[in-house]
Amino acid sequence: MSDNSANSTVTRRSVGLRSERGPILLSLMLATALVALDSTIIATASTSIARDLGHFAQIPWLFSIYVLAQAVSVPIYGRLADFFGRKRLMLIGIGLFLLGSILCGFAWSMPVLIASRVVQGLGAGAVLPMSMTIASDIYTLKERAKTQGYLASVWGISAVVGPTLGGLFSEYVSWRWIFFINIPLSLIAAWMLWRKFTEKRHGERTRPRIDYAGAALLTVGTALVILGLLEGGTAWAWNSAASIVIFAVGAAALVAFVFVERKAQHPIIPLGVLKRRVIWASTIASLIIGAIVLGLTTYVPIYAQDVLGMSALIAGFAVAALTVGWPLTASIAGRFYLRIGFRWTAVIGSSIVVIGTLLMLTLEAHTTIWLVAVFCFVIGAGMGLTAVPTLIAAQSSVDWQERGLVTGTNMFARSIGSAVGVAVFGAIINANATIGADGAPHGPQLAVATHLVFLAIAVVAVVLLVAVLLMPARRAQQMAPVATSTGAVAAQ
């Protein structure tokens with residue numbers, strides 16, 4: 001039986017964990033859980049970590065350095081996957097995350113823990129884009145929205161389970177177990193992927209010449225820009241010499257990167273691909289989604305705790321409604337985009353996001369926490385109908401040889417959006433609220449400051465709606481066909 005006929009047989013089978021491709025999907029979900037849990041579980045353990053290792057002022061670096069390492073490596077992993085295959089890069093990512101988790105668990109000082117978080121971040125930079133790219137490779141366009149729903153559900157579950165596990169480990173066992181729990185998850189995910197996913201190379205069989213200069217310039221440039229955005233106004237003033245030098249060198253590296261990519265035989269990011277309307281529109285949408293999600297997950301808990309007087313646990317569960325609504329609509333997004341196309345599905349989703357952010361503007365000092373959770377759920381529901389069709393539209397518009405690049409670029413844009421959101425929303429808070437000795441906002445003006453942040457998020461949501469309206473109006477069925485198989489990607 002030929003590869004193509006085998007593909008036809010497989011694509012008629014059901015999508016789910018019990019299907020023939022189920023073990024691969026489960027391994028992708030477990031790998032995604034590594035990153036999803038890490039983004040929620042460590043926050044509740046930060047006090048215990050500082051109590052044990054000291055240097056409380058360095059706690060923010062546990063988050064910043066991880067996000068930085070993940071963000072700068074995502075586009076490089078995405079492109080390398082187009083050269084060497086997804087499986088290899090995914091296993092490398094899981095291995096790095098496992099190594100970083102072990103090092104974090106045994107860290108004896110804060111600097112060692114921060115350095116170990118770099119290793120974890122480099123692993124996460126491969127896991128997320130490879131999970132989405134592999135799902136795109138082995139499932140048809142019609143099946144893909146359902147699989148994205150499975151992957152998105154991991155984030156919803158982690159939003160609830162992560163803070164709970166972090167609190168339990170910190171209080172009753174040790175904060176080190178928030179990292180040790182990654183060991184069995186990593187081993188199971190890697191083993192299942194190794195056994196069940198057989199990948200065949202596409203396109204040219206000769207080893208491509210890697211664009212080392214482009215990779216280095218992209219890494220340095222994005223690292224400095226994101227570092228400046230994350231730490232500006234906190235570690236140093238925006239108008240300080242350190243801030244100016246960081247942004248200037250970062251911008252110069254990115255400009256040099258563009259010139260290098262134009263001449264490279266196998267560029268890390270082929271600039272011509274990004275000129276396609278569906279790709280740059282979806283990339284802009286991803287950037288904005290990153291800013292909105294970061295703003296809500298950061299400042300809704302602050303509003304709930306310091307304005308409404310809720311506990312940290314209740315505040316965390318309120319914002320968790322955002323990541324509960326997301327997978328619910330992501331799982332049904334396929335029904336919409338197969339009928340009305342990617343653009344109009346995303347328009348509906350982003351319109352719901354706009355409505356949800358406008359509802360956030362009605363929050364007052366005596367609003368019930370349940371209403372906050374409902375508004376976050378509405379926004380999350382809109383995100384599921386926006387993020388999924390924009391990503392799948394971009395993936396479906398290219399062949400196998402460019403799909404890793406497109407997926408990595410989409411994830412990279414979301415990381416950049418998060419960093420920009422940190423800078424913009426943080427500047428609003430700093431300008432309108434009193435910052436205490438612990439670095440957190442306090443005082444009677446905090447209600448006004450968070451309202452201004454919610455207003456800024458609403459404005460950004462409108463920009464998101466405009467971005468998805470700029471997508472081409474092609475229906476889903478008109479996009480490039482995708483070859484699929486049971487873990488085996490047929491050669492073209």
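Residue I157 is located in helix α7 of this predicted model. Its relative accessible area is 53%, so I157 is classed as exposed, the cut-off for that class being over 50%. I157 belongs to a nonpolar patch on the surface, together with V160, V161, M310, I314, F317, V324, L328 and F377. The accessible area of these residues together is about 680 Å². Two or more residues of the patch come from each of the helices α7 (141-172) and α14 (312-330). The largest contribution is that of α14, which supplies 4 residues.

Aromatic contacts were examined next. A search of the whole structure gives 5 aromatic pairs. One of the pairs consists of W177 and F180, with ring centres 5.4 Å apart and ring planes at 80°. This pair is edge-to-face, because planes over 60 degrees apart are assigned to that class. Both residues lie in helix α8 (residues 177-180), where W177 and F180 are 3 residues apart and therefore separated by about one helical turn. The relative accessibility of W177 is 43%, so W177 counts as partly exposed. F180, in contrast, has a relative accessible area of 13% and is buried, since the limit for a buried residue is under 20%.

Another pair is formed by Y303 and F454, whose ring centres lie 5.9 Å apart and whose planes meet at 75°, so this pair too is edge-to-face. Y303 is part of helix α13 (residues 277-307), whereas F454 is part of helix α19 (residues 446-469). The contact therefore ties together parts that are 151 residues apart in sequence. Y303 is buried, with a relative accessibility of 3%. F454 is likewise buried, with a relative accessible area of 2%.

K87 lies over the face of W194, at a distance of 5.0 Å from the ring centre. R262 is positioned over the face of F259, and here the distance from the ring centre is 5.7 Å.

Methods: Residues are numbered from 1 along each chain as its sequence is written. This is a predicted model: local features need pLDDT of at least 70, side-chain atom pairs count only at pLDDT 80 or more; totals for chains, interfaces and linings use all residues. Side-chain values use heavy atoms; hydrogens and water are left out. Patches are made of residues with over 30% relative accessible area and no salt bridge: like charges are joined within 9 Å, nonpolar side chains (Val, Leu, Ile, Met, Phe, Trp, Tyr) within 5 Å. Accessible areas come from the Shrake-Rupley method with a 1.4 Å probe; for residues, only the protein chains shown count as cover. A salt bridge is a side-chain nitrogen of Lys or Arg within 4 Å of a carboxyl oxygen of Asp or Glu. Buried means under 20% relative accessible area, exposed over 50%, partly exposed in between (1.4 Å probe, protein chains only). Rings of Phe, Tyr and Trp (its six-membered ring) pair if their centres lie within 6.5 Å; planes under 30 degrees apart count as stacked, over 60 as edge-to-face and the rest as tilted. A charge sits over a ring if NZ of Lys or CZ of Arg is within 6 Å of the ring centre and within 35 degrees of the ring normal.
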